[in-house]
Amino acid sequence: MAEGNRTRVGEFILMSFSSLPTEIQSLLFLIFLIIYLVTLLGNSLIILVTLTDPMLHSPMYFFLRNLSLLEIGFNLVIVPKMLGTLLAWDTTISFLGCAMQMYFLFFFGAAECVLLATMAYDRYVAICNPLHYPVIMNQRTRAKLAVASWFPGFPVATVQTTWLFSFPFCGTNKVNHFFCDSPPVLRLVCADTAMFEIYAIVGTVLVVMIPCLLILCSYIRIAAAILKIPSAKGKHKAFSTCSSHLLVVSLFYVSSSLTYFRPKSNNSPESKKLLSLSYTVVTPMLNPIIYSLRNNEVKNALGRTFRKALGLRICIP
């Protein structure tokens with residue numbers, strides 16, 4: 001319904017990768033479908049083995065299980081709709097659906113930032129205070145840290161989503177992205193968004209950069225502690241427990257920071273799509289692969305789980 005030169009938007013059209021030829025879109029559909037299935041399978045296996053294997057009931061794997069839950073949430077919010085748009089099943093998304101997609105994107109994103117910082121703190125305690133580690137990271141403490149990691153997502157998602165979708169939208173309802181992300185939706189607003197952009201930058205600093213600084217401080221202390229270890233074998237073992245986490249942090253923080261520090265920047269939409277793909281689609285798939293391939297305890301636990309499952313299957317008549 002028109003109101004002057006403004007339009008009350010009832011739905012949005014996700015442009016996704018519509019500028020690409022149909023053949024390329026079909027190929028992308030196949031690639032992203034495989035990535036999606038690998039992500040769900042990999043993270044589900046991490047959750048399964050860390051729950052069922054007694055050898056993985058330590059705080060590190062408790063937080064890893066939470067990370068896998070977040071990654072599954074990320075994928076369920078974004079990828080199924082993206083797959084539909086690639087095959088042009090339904091490129092539209094309702095106003096409420098767009099708002100909900102953005103809400104859960106912010107929720108899971110903020111929670112993951114804090115959880116990665118919590119995991120860095122866990123590694124700091126394990127390496128710098130190994131004798132006190134079981135006492136400091138007891139079951140009650142790690143449960144509180146997990147709740148504290150998930151909680152920031154609620155206020156961040158609520159304020160940013162409610163504020164953005166309270167703006168009037170002009171003319172076109174085409175979102176030049178494969179999901180309802182803040183920067184492309186913000187481009188459709190026909191109002192002064194300066195205050196919102198300031199809030200978005202401040203929110204990014206609080207939710208992304210503060211945990212990032214905590215991670216950096218933790219690893220500075222960890223590096224100092226590792227350098228004091230006399231044996232090369234001891235140094236390698238200590239570093240190996242951190243290398244997977246460092247790699248995951250690098251993949252997630254670099255791409256998400258480049259996307260959200262400048263919500264209305266002049267960067268091309270295609271470059272932002274590529275950045276978004278890295279932390280919403282690719283990273284959730286790589287996390288379980290990184291943790292399983294670089295961690296002997298996880299690999300051994302996966303082997304025990306598969307052998308147990310196969311043994312039960314053989315025994316059942």
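**Pockets and a helix pair in the predicted model**

The second largest pocket has a volume of about 300 Å³. The model examined here is predicted. Lining this second largest pocket are 21 residues, of which F106, A110, V156, V207 and V208 lie closest to its centre. At least two lining residues come from each of α3, α6 (153–164), α8 (194–227) and α9. Helix α8 contributes the most to the second largest pocket, with seven residues. By class, the lining of this pocket comprises 16 nonpolar and five polar residues.

The largest pocket has a volume of about 580 Å³. It is lined by 22 residues; M60, K237, S240, T241 and E297 are the closest to its centre. Two or more lining residues are given by each of α2, α3, α9 (232–260) and α11 (296–315). The largest share of the lining of the largest pocket is that of α9, at seven residues. The lining of the largest pocket divides by class into 10 nonpolar, eight polar and four charged residues.

Packing was also examined for α2 and α3. Helix α2 spans residues 59–86, and helix α3 spans residues 95–128. The two pack at an angle of about 160°, with their axes 10 Å apart. Because angles over 145 degrees count as roughly antiparallel, α2 is roughly antiparallel to α3. The crossing of α2 and α3 is left-handed. In the contact of α2 with α3, 16 residues are nonpolar, five are polar and five are charged.

Technical notes:
Residues numbered from 1 in each chain as written. Predicted model: local features only at pLDDT ≥ 70, side-chain atom pairs only at ≥ 80, totals over all residues. Heavy atoms only, no water. Axes fitted to C-alpha atoms, helices over the stretch in contact; angles between N-to-C directions. Helix = DSSP H or I, 4+ residues; strand = E, 2+ residues; numbered from the N terminus. Parallel < 35°, antiparallel > 145°, perpendicular 65-115°, else oblique. Left-handed = near helix turned anticlockwise from the far one by under 90°. Nonpolar A, V, L, I, M, F, W, Y, C, P; charged D, E, K, R; others polar. 1 Å grid on protein atoms, 1.4 Å probe; cavity = no way out; pocket = protein on both sides within 12 Å on 5 of 7 lines; lining within 4 Å. Points joined across faces, edges and corners; volume = space filled by probe spheres on them.
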